[in-house]
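Here are some notes on the side chains, as promised. Have a look at the sequence and the structure, then go through the points with them open.

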Amino acid sequence: MALGRAWLPLLLVCVAVTWAARPDLLNICMDAKHHKTKPGPEDGLHEQCSPWEMNACCSVNTSQEAHNDISYLYKFNWEHCGKMKPACKRHFIQDTCLYECSPNLGPWIQQANQKWRRERILNVPLCKEDCQNWWEDCRTSYTCKSNWHEGWNWSSGYNRCPANAVCRPFDFYFPTPAALCSQIWSNSYKQTNYSRGSGRCIQMWFDPEQGNPNEVVARYYAQIMSGAGLSEAWPLQFGLAVTLLWLLS
């Protein structure tokens with residue numbers, strides 16, 4: 001048993017490693033057009049971007065521009081089919097704030113073969129309430145496309161509907177909340193069945209007084225995506241646990 005106990009420190013390290021999240025996926029910023037190289041405090045982030053003041057990948061100036069139509073960020077016109085209802089537009093502002101400011105999207109960052117950015121996000125699991133509320137508030141506003149990432153007419157320096165595209169209510173192009181979340185930015189997001197506060201979905205909206213709930217979510221998925229993720233590593237974890245109990249008995 002003395003020999004067994006000599007292996008105890010190494011065994012504890014092995015157990016810790018199998019449950020560890022990948023650090024390269026946590027608290028990072030995308031390599032994209034307007035992101036900072038590293039997250040950090042940003043006093044005075046503008047309005048809907050303010051929840052990320054304690055730790056942000058966006059600057060104050062970026063947070064201000066995130067609230068403007070045809071801003072210098074991307075020259076994107078949300079109102080390409082006429083006036084967008086304020087209740088709808090606030091979701092696109094929040095979407096922009098999440099994308100530009102969040103340091104908790106690391107598990108979903110992928111390489112992007114685009115001139116204006118080297119990385120993008122893919123299949124970020126949004127809480128079902130965020131997708132549902134976004135869709136409900138926008139279903140009677142108008143658009144002419146289901147994929148807003150590409151296919152626009154940029155001849156005027158900002159996006160306009162392509163030839164023969166017809167402006168229709170959002171729920172024509174996005175018949176469900178899940179369709180809106182997944183299609184509008186080329187699968188940057190996806191709707192989940194998880195609710196806010198579950199620790200399993202990214203929240204576009206949160207109260208900074210209660211902390212940033214997306215930190216826990218990113219850590220959970222970074223752990224799954226590690227070299228010995230939870231789903232792949234459970235036999236090893238079980239074996240190590242049994243061995244640990246034997247050594248301690």
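1. One term before we start: a residue is called buried when its relative accessible area is under 20%, exposed when over 50%, and partly exposed in between. Lys-89 has a relative accessible area of 15%, so Lys-89 goes down as buried. Keep in mind throughout that this is a predicted model.

2. Which residue does Lys-89 pair with in a salt bridge? Its partner is Asp-69, with the closest N and O atoms 2.8 Å apart. The two come from distant parts of the chain, 20 residues apart: Asp-69 belongs to the loop between α3 (60-65) and α4, while Lys-89 belongs to helix α4. Asp-69 has 27% relative accessibility and is therefore partly exposed.

3. A word of background on such pairs: side chains of opposite charge can pair when their charged atoms come close. The count here comes to nine salt bridges. Another one to look up joins Arg-139 and Asp-171, with 3.5 Å between the closest N and O atoms. That pair also links distant parts of the chain, 32 residues apart, with Arg-139 in the loop between α5 (128-138) and β4 (142-143) and Asp-171 in helix α6 (residues 170-173). There is also a network: salt bridges with shared partners join Asp-69, Glu-79, Lys-83 and Lys-89.

4. Are Arg-139 and Asp-171 buried, partly exposed or exposed? Arg-139 is partly exposed, at 29% relative accessibility, and Asp-171 is partly exposed with a relative accessible area of 29%. Compare Glu-42, which makes a salt bridge with Lys-36 (3.0 Å, N to O). Glu-42 has a relative accessible area of 18%, so Glu-42 counts as buried.

5. Back in helix α4 (residues 86-101), have a look at Gln-94. Gln-94 is buried, with a relative accessible area of 2%. What does its side chain reach? The answer is the backbone oxygen of Met-204, at 2.8 Å. With neighbours within four places in sequence left out, Gln-94 is in contact with Gln-48, Trp-52, Met-204 and Trp-205.

6. On to the rings, where the count comes to 15 aromatic pairs. Trp-148 and Trp-185 make an edge-to-face pair, 5.9 Å centre to centre with 85° between the planes. Trp-148 is in the loop between β4 and β5 (168-169) and Trp-185 is in the loop between α7 (177-183) and β6 (189-191), so this pair ties together parts that are 37 residues apart in sequence. Trp-148 is buried at 2% relative accessibility, and Trp-185 is buried at 13%.

7. Why is the pair of Phe-170 and Phe-174 called tilted? The ring planes are at 45°, so the pair gets that label, and the centres are 5.7 Å apart. Phe-170 is buried, with a relative accessible area of 1%, and Phe-174 is buried too, with 0%.

Methods. Residues numbered from 1 in each chain as written. Predicted model: local features only at pLDDT ≥ 70, side-chain atom pairs only at ≥ 80, totals over all residues. Heavy atoms only, no water. Helix = DSSP H or I, 4+ residues; strand = E, 2+ residues; numbered from the N terminus. Buried < 20%, exposed > 50% of the residue type's maximum accessible area, 1.4 Å probe, protein only. Polar contact = N/O pair within 3.5 Å; in protein donor to acceptor, adjacent residues only side chain to side chain. Contact = heavy atoms within 4.5 Å. Salt bridge = Lys/Arg side-chain N within 4 Å of Asp/Glu carboxyl O. Phe/Tyr/Trp six-rings, centres within 6.5 Å; stacked < 30°, edge-to-face > 60°.
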